[in-house]
Amino acid sequence: MKYLRLTFPILLILCVLACKNEPKTASVNTAPPAVNEAMSMGEKAAYRCPMDCEKGKLYDQPGQCPVCKMDLAMATADQIRHAASETAAASETTALPAGDPNKNLEAEVNALHDDVMKELTEMERVGREVKLRFKTLQGETQRKAYLKAIADISTAGMDMMAWMRDYRSPASLPAAEAKSYLTEQKQKLIRNRADIQAALAEGRKALGTK
């Protein structure tokens, strides 16, 4: 057993060195144009909204998200690839044209999304304060209240992120299906908003603020 313990790290090192010395072969670039553009930007620096409000949009300079007003964060390589994929997917669908019978319903969904994002930003801000305060707590009763607030805020945030990830324009759907889809998405947003408001209230209660 002792011999195996000594031999395994040596074999691992030899494997790593062998991989580094293998000749590199040229690869064919089959990525979509949006991915190539994003990766090209990523070689310099790419910034994105930490909440991904604009579904994969990248910026080449730091600043603020025009939707939620949060500071843009520097994107990692994985985030750049993900953002590029989101951009490519979003480009496959467009907003409903003027005169479409579901145009007003789509506008309601978009407006509700923007309102929810503002509340989400405030919830995330309170969540950061709760986490900081939690580190200083000693009493078990106080810690339980803070843990509940942290859990509720995390769940509400992930649910909203899931909605943004999954939502697609119904432009390619028949009118009846588009109406059903938009109505369903609106109801999901309403539920997400209620969860965000409840989690925000929990966070403020824990902090003793309004």
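Predicted model: local features only at pLDDT ≥ 70, side-chain atom pairs only at ≥ 80, totals over all residues.

User: How are H5 and H6 oriented to each other?

Analyst: Helices (H or I, at least four residues) are DSSP runs numbered from the N terminus. Axes are lines fitted to C-alpha atoms over the stretch in contact, and angles run from 0 to 180 degrees between N-to-C directions. The axes of H5 (residues 140-166) and H6 (residues 175-207) come within 8 Å and cross at roughly 155°. Angles under 35 degrees count as roughly parallel, over 145 as roughly antiparallel, 65 to 115 as roughly perpendicular and the rest as oblique, so H5 and H6 are roughly antiparallel.

User: Which way are H4 and H6 oriented, parallel or antiparallel?

Analyst: H4 covers residues 103-134, and its axis comes within 9 Å of that of H6. The two axes cross at roughly 25°. H4 and H6 are therefore roughly parallel.

User: What is the handedness of the crossing of H4 and H5?

Analyst: H4 and H5 pack at about 150° with their axes 10 Å apart, and are therefore roughly antiparallel. A crossing is left-handed if the near helix is turned anticlockwise from the far one by less than a right angle, and right-handed if clockwise. By that rule, the crossing of H4 and H5 is left-handed.

User: How many charged residues are in the contact of H4 with H5?

Analyst: Contact means heavy atoms within 4.5 Å; the residues involved include Val 109 and Phe 134 of H4 and Arg 143 and Trp 163 of H5. Ala, Val, Leu, Ile, Met, Phe, Trp, Tyr, Cys and Pro count as nonpolar, Asp, Glu, Lys and Arg as charged, and the others, Gly among them, as polar. The contact of H4 with H5 has 16 nonpolar and three polar residues, and its charged residues number four.

User: Which residues line the largest cavity?

Analyst: On a 1 Å grid over the protein atoms alone, a cavity is a set of points where a 1.4 Å probe fits but cannot get out, and lining residues have an atom within 4 Å of a point. The lining has two nonpolar, no polar and four charged residues. They are Arg 48, Cys 49, Asp 52, Glu 54, Lys 57 and Tyr 59.

Key. Residues numbered from 1 in each chain as written. Heavy atoms only, no water. 1 Å grid on protein atoms, 1.4 Å probe; cavity = no way out; pocket = protein on both sides within 12 Å on 5 of 7 lines; lining within 4 Å. Helix = DSSP H or I, 4+ residues; strand = E, 2+ residues; numbered from the N terminus.
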